[in-house]
Amino acid sequence: MQFPENLRYTKEHEWVRVENDSIGVVGITDYAQSELGDIVYVELPQIGKQVKQLEPFGTIEAVKAVSDLFSPLSGEVIEVNEKLKDSPDLINKDPYGEGWIIKIKISDLSELDNLLSAEDYKKLIGK
Amino acid sequence: MGFVPNTEEDKKEMLKAIGVSSFEELISDIPAEIRLKEELNLPEPLSEYEVLKELQDISEKNLDLNHAICFLGGGAYDHFIPSAVFTIISRSEFYTAYTPYQAEVSQGTLQSIYEYQTMICRLTGMDAANASMYDGGSALAEAVLLSIGYTERKEVVVAGPVNPNYLKVVKTYTHPRKAQIKLTKFDAGVCDIEDLKQKVTDNTACVIVQQPNFFGNIEDVFEIERITHLHGALFIVAIDPISLGLLVPPGEYGADIVVGEGQPLGIPLSFGGPYLGIFAVKEFLIRKMPGRLSGITIDRNGERGFTLTLQTREQHIRREKATSNICTNQGLMMLAATVYMALMGKQGLKEVATLCLQKSHYLAEKISQIDGFKLKYKQPFFKEFVVETPLPVSLIKDKLQAKKILPGIDISKFAGYGDGLLIAVTEKRTKKEMDIFVDELKNLAG
């Protein structure tokens, strides 16, 4: 199970990758997708929605459970992964790549300090 | 309910198990001053025959519809129920009022739910229907909750006269969400479109219209839909299922949610319940829909099977974040509606609707020819209409009820709905019955 070093993680099992010091790409971890099992639906936010760090921005639905998605950082949603509407299983297949969920325009980079490193996240889940 | 005897031996055994010496000791915590000191003052016991006779005498004080001519409507209607409906729903395999719990064991029940959902979709022109709700009022209230959750807006606009009892339920359900309910004017008996344009804003979660409306009139649903969607609100249409034998299905004019009272579909009036809440949505709302949903699948042997589906919407999994706290359906009533629709078919339903339309227009014509009586509104109507009367409606009701005619509903009892007599005519009313009604009204007026 992979936990890339260049990402930051939440205790709620989301990851964020910062691009150009301004854009955050958000998804859920390999561990989260494997615990959820077959993902059948992702409820995505509207573009332009303001999100706050560690507050829900959408939901993810597997066959037996549904969970909230928490935003790793505060900011504005500027893009959602439209491919998930027809192929939510991309999250199972490629959680850090094709299975990304939203992109946000980061409002406060210092919030990164509240997130976990790959090392800390692995400890959290006991890997 | 079975008879549970309570013998002296039983009492002794129970008191012993509890660990008290007497019944008096068991209830010693109840203050003496509020306890009855003497024995209950009851008459002597009666024989089985005497009890039956007495109950029969009491029940005959009710004016039932086998012995009265009924023009009551307002959401519950005296439609004909084929005998096959009761015969089928009372089969022991089906006979329960409850939603299936160990659901997949009850394949027959799940299949009947699936058939019901399919029929409701075809009737309303919608993509998905749930396994039913309690009644028309609670279905409407759930639709409003869904709209508030989906749009994250708080305003609810009621376009035209909607059943006031449904609106009471809506107010009760939405009170904790702090919904603001705005009513449009309906001076001409239908929604005032100019007023609606003022009241629908970008803060509107949903617009509710009843088609036909509470007065029986036909609303301009096409224009109401346009105004609703211009502001990104959801369009809720409350229907009378019988009317869809003739009227355009709401799915075809842009309804996002269709609700309705299913009682006209083979369910007896029975003092106001149990009834059936119809609930259907367009596909984009399917995960927000309250209630149970039966789906079709194949098992590991490739055989067709039925299963509760999309359960992750529901309160037992989604907990406090579910759209609704409903995890049940109106099982037996839903089955009655399914059997009724299957018996009627598309053609039968159309015939019932056509008879309602023709007969109600015959009666409206006859009544408006009586001196002092006239139709209150100049609108097209389906099976109900409001009449202005030369005498107080309450007096007409009292006089005719004594002659075993139920003339309709006194709408003055609903604040804001004006005065008049709301008369409903189903396919069951014969020309003779209607002519008797007209003659009695003439006598009163003369």
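In this predicted model, 27 residues of domain 1 of chain B are in contact with 25 residues of domain 2 of chain B. On the domain 1 side of that contact, the elements that give two or more residues are α11 and β12 (384-388) of chain B. The largest share, 7 residues, comes from α11(B). If you colour this side of domain 1 by residue class, you will find 17 nonpolar, 5 polar and 5 charged residues.

To place the two domains of chain B, look at their bounds: domain 1 is made of 69-81 + 345-445, and domain 2 covers 83-339. Their C-alpha centres lie 27 Å apart.

Now follow helix α11 of chain B, which takes in residues 331-368.

Let's turn to chain A and its strands. Strand β2 (residues 14-19) of chain A runs antiparallel to strand β3 (residues 23-28) of chain A, and 6 bridges join them. Within this pairing, A:W15 stands opposite A:G27 of β3(A). The two strands form a hairpin with 3 residues between them, where A:N20 takes a positive phi near 55°.

Strand β3(A) also pairs with strand β9 (residues 102-106) of chain A, again antiparallel, through 4 bridges. Here A:G24 has A:I104 in β9(A) as its bridge partner.

Notes
Residues numbered from 1 in each chain as written. Chains lettered and ligands numbered in written order. Predicted model: local features only at pLDDT ≥ 70, side-chain atom pairs only at ≥ 80, totals over all residues. Expected span 1.5 Å × (residues − 1). Pairing = 2+ DSSP bridges. Domains from an automatic or database assignment. Contact = placed C-beta atoms within 7 Å. Nonpolar A, V, L, I, M, F, W, Y, C, P; charged D, E, K, R; others polar.
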